Amino acid sequence: MEDIELLSKVKTDDREAFDSLFLRYYPLLSDFCRFLGIGDDDGEDIVADVFLDLWIKRERLYIHTSLKSYLYGAVKNKVYALKRQNQKLQLLPEEYASDQAISDHLHPDEILVKKERLKMIERFAEELPEQGKVVFLMNWQHQLEHHEIAEILNISVNTVRTHIYRAINYFRKRLLSVK
């Protein structure tokens with residue numbers, strides 16, 4: 001089946017078509033990441049993020065070129081964004097570098113507390129209304145900016161801010177009730 005047919009099925013929520021596109025392009029895009037100098041782990045994350053974006057935007061997605069060009073362009077943009085982010089991290093002053101070394105050597109009990117905290121946040125996120133949960137997870141897990149979330153979900157930036165504000169307030173109340 002051609003890309004254009006699969007893409008039109010993806011736009012109608014066809015998961016099998018989405019899986020077919022993923023399986024078709026995953027090895028090619030992973031190789032492309034390696035070609036651009038990105039390691040396997042980061043390359044896998046980038047390709048997964050591109051397909052996640054494709055799924056999230058599927059109903060509003062309008063591709064001006066071919067799907068292949070779109071996917072390669074999206075991967076290239078994410079690779080460059082990752083490289084810019086890594087360059088910023090390397091430019092941090094040494095006093096921040098020493099803080100990073102300490103956080104890398106957490107004690108087992110600190111690691112356990114950190115994992116428990118993550119589980120609690122995930123559990124609280126599941127209790128949020130659907131739109132609030134989606135907005136919060138896009139911001140927290142995918143590190144998307146407010147304007148990016150607004151664009152993807154076709155809502156205003158103020159609505160995104162309101163959802164995040166409400167989620168944090170809800171978490172605060174839940175944390176106080178747990179203690």
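Visitor: Which residue forms a salt bridge with Glu127?

Guide: In this predicted model, Glu127 forms a salt bridge with Arg174, and the closest N and O atoms are 2.9 Å apart. Glu127 sits in the loop between α6 (108-126) and α7 (130-140) while Arg174 belongs to helix α9, so the pair ties together parts that are 47 residues apart in sequence.

Visitor: What else is in α9, say around His163?

Guide: His163 has its place in helix α9, which covers residues 157-178. With a relative accessible area of 17%, His163 is buried, because the cut-off for buried is under 20%. If its neighbours within four places in sequence are left aside, His163 is in contact with Gln131, Gly132 and Val135.

Visitor: Back to salt bridges: how many are there?

Guide: The count comes to eight salt bridges. One of them joins the side chains of Asp53 and Lys78, at 3.2 Å from N to O. Asp53 lies in helix α3 and Lys78 in helix α4 (residues 67-90), so this pair ties together parts that are 25 residues apart in sequence. Asp53 counts as buried at 15% relative accessibility, whereas Lys78 is partly exposed at 25%.

Visitor: What about Lys133 and Glu130, where do they lie?

Guide: Both lie in helix α7, three residues apart, which is about one turn of the helix. Lys133 forms a salt bridge with Glu130, with the closest N and O atoms 3.6 Å apart. Lys133 is buried, with a relative accessible area of 14%, but Glu130 counts as exposed at 53%.

Visitor: Which residues are linked in a network of salt bridges?

Guide: Asp31, Arg34 and Asp40 are linked in such a network.

Visitor: Which residues form the negative surface patch?

Guide: That patch is formed by Asp41, Asp42, Glu44, Asp45 and Asp49. Glu44, for one, has its place in helix α3 (residues 40-56) and counts as partly exposed, at 39% relative accessibility.

Visitor: Changing topic, how many helices and strands does the chain have?

Guide: The protein chain has nine helices and zero strands. Of its 179 residues, 28% count as buried, and its accessible surface comes to about 12500 Å², with 54% of that belonging to carbon and sulfur atoms.

Notes. Residues numbered from 1 in each chain as written. Predicted model: local features only at pLDDT ≥ 70, side-chain atom pairs only at ≥ 80, totals over all residues. Heavy atoms only, no water. Helix = DSSP H or I, 4+ residues; strand = E, 2+ residues; numbered from the N terminus. Buried < 20%, exposed > 50% of the residue type's maximum accessible area, 1.4 Å probe, protein only. Areas by Shrake-Rupley, 256 points an atom, 1.4 Å probe, with all protein chains shown as cover. Contact = heavy atoms within 4.5 Å. Patch = residues over 30% accessible without salt bridge, like charges linked within 9 Å, V, L, I, M, F, W, Y side chains within 5 Å. Salt bridge = Lys/Arg side-chain N within 4 Å of Asp/Glu carboxyl O. Lys, Arg positive; Asp, Glu negative; His and termini not counted. Charge placed at Lys NZ, Arg CZ, Asp CG, Glu CD.
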